[in-house]
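Here is a short report on one protein chain. Keep the 3D view open while you read.

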Amino acid sequence: INFLFQENRGPASARNLGVKNSSGEYILFTDDDCVVPHDWIAKYVDAFNETNADFIGGFVCNRFAESIFSEVSQEISNHWVLFSNSEGKSSPVMTSNNMGYRRISFMQSGGFDENFFFPGFEERALNFLTLCRGGKGVFKSDIVVDHYHRLYLWTFFLQQYRYGRGAFRYYRKIFFGGKRPKPLPISAYFSLIRKFFNGNFLCGIKKLFVFLLGQFAGIIGFIISALK
């Protein structure tokens, strides 16, 4: 294990530093608040050999179920990933805390854009560019990591705000690149809200409120980035 240090320039820059100091055909990413199973690497290697994909994403389980903010944050993320990658589609929508890339594809697409200073959408931009080059992405629900990210009201708001800022940079980058990524349809939002109410109705109301708060924070982040 090689430990590398640099002054904070965001997760995109940190991951690129790791790649520059690594070797091998495959590059796997997770985060410091995640726990991977013992066969995590083996599953990725098998998946790359089976699918011939350029990048592969897995599923993420929230392990702070007692925090409604952690639970809703992960439910939102997982829903977008599952919805976007349904029916075997190659989608850029995956999360970097459980992802793998072929080194050659990662380098040909330029790695992570280090202008994404905050976490969120930097992996989507890289994945989108890889797909535009004719690459292939695959989602594997059986490659699972446990996510221990405790969120409170303020930290959830800040997280979603930063996602909004990342979303603006992503759409601006893709737009000026001459591409038009398809936005998520309204049906994706309705199906997520229905999931909130699969269990206890009162819990569903709470989750809906947290979700709307997150959307509001994301819109603020998007607008602030647009005005800069």
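## A strand pair in the sheet

Strands β2 and β5 (residues 137-147) pair in the antiparallel sense, over two bridges. Two strands count as paired if DSSP finds at least two bridges between them. Within β5, His 147 is the bridge partner of Cys 34. Strands of a sheet pair through backbone hydrogen bonds, either parallel or antiparallel.

This is a predicted model: local features need pLDDT of at least 70, side-chain atom pairs count only at pLDDT 80 or more, and totals for chains, interfaces and linings use all residues. Residues are numbered from 1 along each chain as its sequence is written, and side-chain values use heavy atoms, with hydrogens and water left out.

## The whole sheet

The open sheet has five strands in the order β1-β4-β3-β5-β2, with mixed pairing. β1 (26-30) and β2 (34-35) stand at the edges with a single partner strand each, so one side of each has no neighbour in the sheet. Strands (E, at least two residues) and helices (H or I, at least four) are DSSP runs, numbered from the N terminus.

## Helices across the strands

Helix α2 (residues 40-51) lies across β1, β3, β4 (98-102) and β5. α2 runs at about 175° to β5. Helix α5 (residues 122-132) lies across β3, β4 and β5. Its angle to β4 is about 35°. Contact means heavy atoms within 4.5 Å. Axes are lines fitted to C-alpha atoms, for helices over the stretch in contact, and angles run from 0 to 180 degrees between N-to-C directions.

## Two cavities

How many cavities of 30 Å³ or more are there? The count is two. A cavity is a set of points on a 1 Å grid over the protein atoms alone, where a 1.4 Å probe fits but cannot get out; lining residues have an atom within 4 Å of a point. Grid points are joined across faces, edges and corners, and a volume is the space filled by probe spheres set on the points.

The largest cavity has a volume of about 40 Å³. Its lining includes Phe 59, Asn 78 and Phe 139. β3 (55-62) and α3 (68-84) each supply at least two lining residues. β3 gives the most, with three. The lining divides into five nonpolar, three polar and no charged residues. Here Ala, Val, Leu, Ile, Met, Phe, Trp, Tyr, Cys and Pro count as nonpolar, Asp, Glu, Lys and Arg as charged, and the others, Gly among them, as polar.

The second largest cavity has a volume of about 30 Å³. His 147 is one of its lining residues. α3 gives the most to this lining, with three residues. The lining has one nonpolar, six polar and no charged residues.

Note on methods. 1 Å grid on protein atoms, 1.4 Å probe; cavity = no way out; pocket = protein on both sides within 12 Å on 5 of 7 lines; lining within 4 Å.
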